[in-house]
Amino acid sequence: DDSFAANKPQITQAQCWAHARRYFLKAEAIEPEATTQALEYIGALYRIEEEIRQQALSGEKKLALRAKESKPLADAFFGWCHEQRSRIDLVNSNPLSRALTYVTNHQEQMSVFLCDPDVPIDTNHVERNLRAIPMGRKNWMFSWTEVGAEQVGIIQSLLTTCRLQGVK
């Protein structure tokens, strides 16, 4: 959430490229040509991240590869997004317009992964681990009391945090 980090200078907010990709996928039926271009840029960035994983790069080596290959690609993508936003035929209600607005409003946050080797390109790993919480909602109905449901929520949150930190 943008508002969380807004007044906290000690926090560096990073935005997820998978979220941006989802916005473009919503525009695919209406703007197939532009969406294809956007998805090609994003796909190329993910291929570089896959190469980083396969080579088990970390630290400075990971940062160097991102600087050499990902940064020019991300810059070209952001430039393309700015160009697309200036199209006179693109109305605000168009899903492509929403996707472009998301990207241009979050360009700085989406670029954080380029400057910090410990920041992933997306938050998919976090979302997968947090999925247990909404999936458990049906089970929480049977907690008998509001306090019991709150305790189950705390336990689920603790378990997810442990999984993310590699604690068994």
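Let me start with one residue. Y23 has 30% relative accessibility, so Y23 counts as partly exposed. Here is the scale: buried is under 20% relative accessible area, exposed is over 50%, and partly exposed is in between, with a 1.4 Å probe and protein chains only.

This is a predicted model, where local features need pLDDT of at least 70 and side-chain atom pairs count only at pLDDT 80 or more, while totals for chains, interfaces and linings use all residues. Residues are numbered from 1 along each chain as its sequence is written, and side-chain values use heavy atoms, with hydrogens and water left out.

Now the overall fold. The protein chain has 11 helices and zero strands. Helices (H or I, at least four residues) and strands (E, at least two) are DSSP runs, numbered from the N terminus. Along the sequence, the pattern reads α-α-α-α-α-α-α-α-α-α-α. The chain has 168 residues, and 36% of them count as buried.

What about contacts, meaning heavy atoms within 4.5 Å? Take those in the protein chain with a separation of 6 or more: 65% of them come from residues 24 or more positions apart.

Next, the aromatic rings. How many aromatic pairs does the structure hold? There are 10. One of them joins Y23 and Y102, and that pair is stacked, at 4.6 Å centre to centre with 25 degrees between the planes. Y23 sits in helix α2 and Y102 in helix α5 (residues 95-105), so the pair ties together parts that are 79 residues apart in sequence. Y102 counts as buried, at 11% relative accessibility.

A second pair is F24 with W80. Their ring centres are 6.4 Å apart and their planes are at 50 degrees, so this pair is tilted. F24 belongs to helix α2 and W80 to helix α4 (residues 59-85), so the pair links parts that are 56 residues apart in sequence. The cut-offs: rings of Phe, Tyr and Trp (its six-membered ring) pair if their centres lie within 6.5 Å; planes under 30 degrees apart are stacked, over 60 edge-to-face, and the rest tilted.

Are F24 and W80 buried or exposed? F24 is buried, at 0% relative accessible area. W80 is buried too, at 9% relative accessibility. F24 and W80 also belong to one aromatic cluster, with W17, Y41, F77, F78 and F113.

Back to Y23. K26 lies over the face of the Y23 ring, 5.5 Å from the ring centre. The test is NZ of Lys or CZ of Arg within 6 Å of the ring centre and within 35 degrees of the ring normal.

Stay with helix α2, residues 17-26. Its buried residues are W17, A18, A20 and F24. They cover an arc of only 155 degrees around the axis, so they lie on the same side of α2. That arc uses the directions from the helix axis to the C-beta atoms.

On to the core. A nonpolar core is a set of buried Ala, Val, Leu, Ile, Met, Phe, Trp, Tyr and Cys residues joined through side-chain atoms within 4.5 Å. The largest one has 33 residues, and W17, F24, F77, W80 and V103 touch the most other members. Helices α2, α3 (32-54), α4, α5 and α7 each give two or more residues to this core. Which gives the most? That is α3, with nine residues.

Two residues show how these parts meet. Leaving aside neighbours within four places in sequence, W80 contacts F24, A34, Q37, A38, Y41 and L100. T35 lies in helix α3 and is buried, at 0% relative accessibility.

E31 sits between α2 and α3, and counts as buried at 14% relative accessibility. Beyond neighbours within four places in sequence, E31 contacts R87, L90, N94 and L96.

S111 lies in the loop between α6 (107-110) and α7 (112-115). S111 is buried, at 18% relative accessibility. S111 and A74 are 37 residues apart in sequence, yet 7.8 Å apart in space, C-alpha to C-alpha.

Last, A56, in the loop between α3 and α4. A56 is exposed, with a relative accessible area of 62%. Most residues other than glycine have a negative phi. A56 is not a glycine, but its phi is positive, about 55 degrees.

Conventions:
Contact means heavy atoms within 4.5 Å.
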